[in-house]
Amino acid sequence: MKTNAMYTYTRSSKLFAAAQKVIPGGVNSPVRAFKSVGGRPIFIEKAQGAYLYDVDGNSYIDFIASWGPMILGHAHPEVIKALTERARKGTSFGIPTELETKIAELACSMTPNVDQIRFVNSGTEACMSAVRLARGFTGKEKIIKFSGCYHGHSDSFLIEAGSGAMTFGMPNSPGVTQGTAKDTLLARYNDLNNVADIFQSNKDQIAAVIIEPVAGNMGCIPPVKGFMEGLRALCDANDTLLIFDEVMTGFRLAPGGAQELLGINADIATYGKVIGGGLPVGAFGARKEIMSHLAPEGAVYQAGTLSGNPLAMSAGLATLSILNSSPELYKSLESKTRYLSNEMANILDEKGMPYQLNQLGSMMSLHFTDEPVVDFQSASKGNNPKFNAYFHGMLKRGVYLPPSAFESYFLNDALSYEDIDLTVEAFREVIKEL
Ligand code: KE4
């Protein structure tokens, strides 16, 4: 296996030092700083297909796909064509364009229970707006979220976030007021009794339950049998809206996301990542009865200068159009992910090392623990020092994994079985060293 050991990281190190002078921590999103895994981040020059190329000439097989958006692989020709043609017509008007209607029609046709959709600029904005809409629609104030689930950095969610905040061990972010925190109730993922108890002790006060239908911010954690069905029933019994945060799963696990894959109807679904095809797009959608409460039709206020930006819409529309016209892509992605996961399992079994490999669709994660990883607590029992050594071992062998034990891998369609075999070879060498 070609390793990057012979490469230097000189230029990345210089660029990181310069970045740290003018950008907090040298990054525009904390998880990129490698604080959790140690070492310094690499700086990327370009990406093509399944490969990343850093500023020192090292190449990497990419398993984060920009944390999900690049499901088709980097610089997909049809996406780049749509972007370049669009850019020539101007990039932003703050005035409606037909493009917004086209992508809204396509997104609504692909996703169950979504009659109307509102575009915003990030997953955070989508989830924040969805909660406000649920509160406006129900007239109730509290929400239930799940420990270890991450819905972006809006105050209501940073009460015990997973992902970046979890990695930094700051379950409660400074700056979030007690006034805000009191309206967010925390439940345990995959624990229906716990959710029922919370409903019982907050009768008629819960506007919404927001959940990652397949969690990706504690590593990849699918719902256990009956959990999502039970959650749906609890929401129905309490006149509470069920919000599926599909920022990761939307258009990735199936054309209709987790709603389609799990066969569970959400009341509001939020989107991000894939829906923007690599440009900043978030969205939230629901049946008309709910969406009609949004301004300017209804009283729930939400707005955004660059919402529905034609440049971003063109990348999203090109991406969704390819996904919508190639259902076999999902089966192929699942097969590649299963293949990788099974090969890794064989190597770990040969070594006799305790591990959990979670996988659903094109999402997966490896945890160095012998206890099944089904929630935030069990995910936290992973052997992080071992994970960090694994991460760097793979990095120097040209495989770029999420720089945190509390993230999911996101496979992309440009990955070949040859790329996966190279990854397995690197994995075999790293596990031998661990
Ligand atoms: P953004 O605001 O980062 O677009 O989306 C927030 C968000 C909402 N919901 C889910 C399920 C998410 O996973 C995210 C963001 N995901 C993280 C990765 N765990 C983005 C990476 C980062 O924070 O840099």
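1. A nitrogen atom of the ligand sits 3.3 Å from a polar backbone atom of Tyr-150. That counts as a polar contact (a pair of N or O atoms within 3.5 Å). The side chain of Lys-273 also places a polar atom 3.0 Å from a ligand nitrogen. For Thr-124, a side-chain N or O atom is 2.6 Å from a ligand oxygen. Of the 540 Å² of accessible area that the ligand has on its own, the protein covers 87% (Shrake-Rupley method, 1.4 Å probe).

2. On provenance: this is a predicted model, with local features needing pLDDT of at least 70 and side-chain atom pairs pLDDT 80 or more, while totals for chains, interfaces and linings use all residues. Numbering runs from 1 along each chain as its sequence is written, and side-chain values use heavy atoms, without hydrogens and water.

3. The ligand is surrounded by 17 residues (a heavy atom within 4 Å). Ser-29, Thr-124, Asn-217, Asp-245 and Glu-407 are the closest. By class, the shell holds 8 polar, 5 nonpolar and 4 charged residues (Gly counts as polar; Asp, Glu, Lys and Arg as charged). Domain 1 (10-75 + 327-433) and domain 2 (77-324) each supply at least three shell residues; the bounds come from an automatic or database domain assignment.

4. An open, mixed sheet has 7 strands, ordered S4-S10-S9-S8-S7-S5-S6. Strands are DSSP runs of E, at least two residues; pairing takes at least two bridges. S4 (116-120) and S6 (184-187) are the edge strands, each with a single partner, so one side of each lacks a neighbour in the sheet.

5. S4 pairs with S10 (residues 282-286) in the antiparallel sense, over 5 bridges. Ile-117 stands opposite Gly-285 in S10.

Technical notes. Polar contact = N/O pair within 3.5 Å; in protein donor to acceptor, adjacent residues only side chain to side chain. Helix = DSSP H or I, 4+ residues; strand = E, 2+ residues; numbered from the N terminus.
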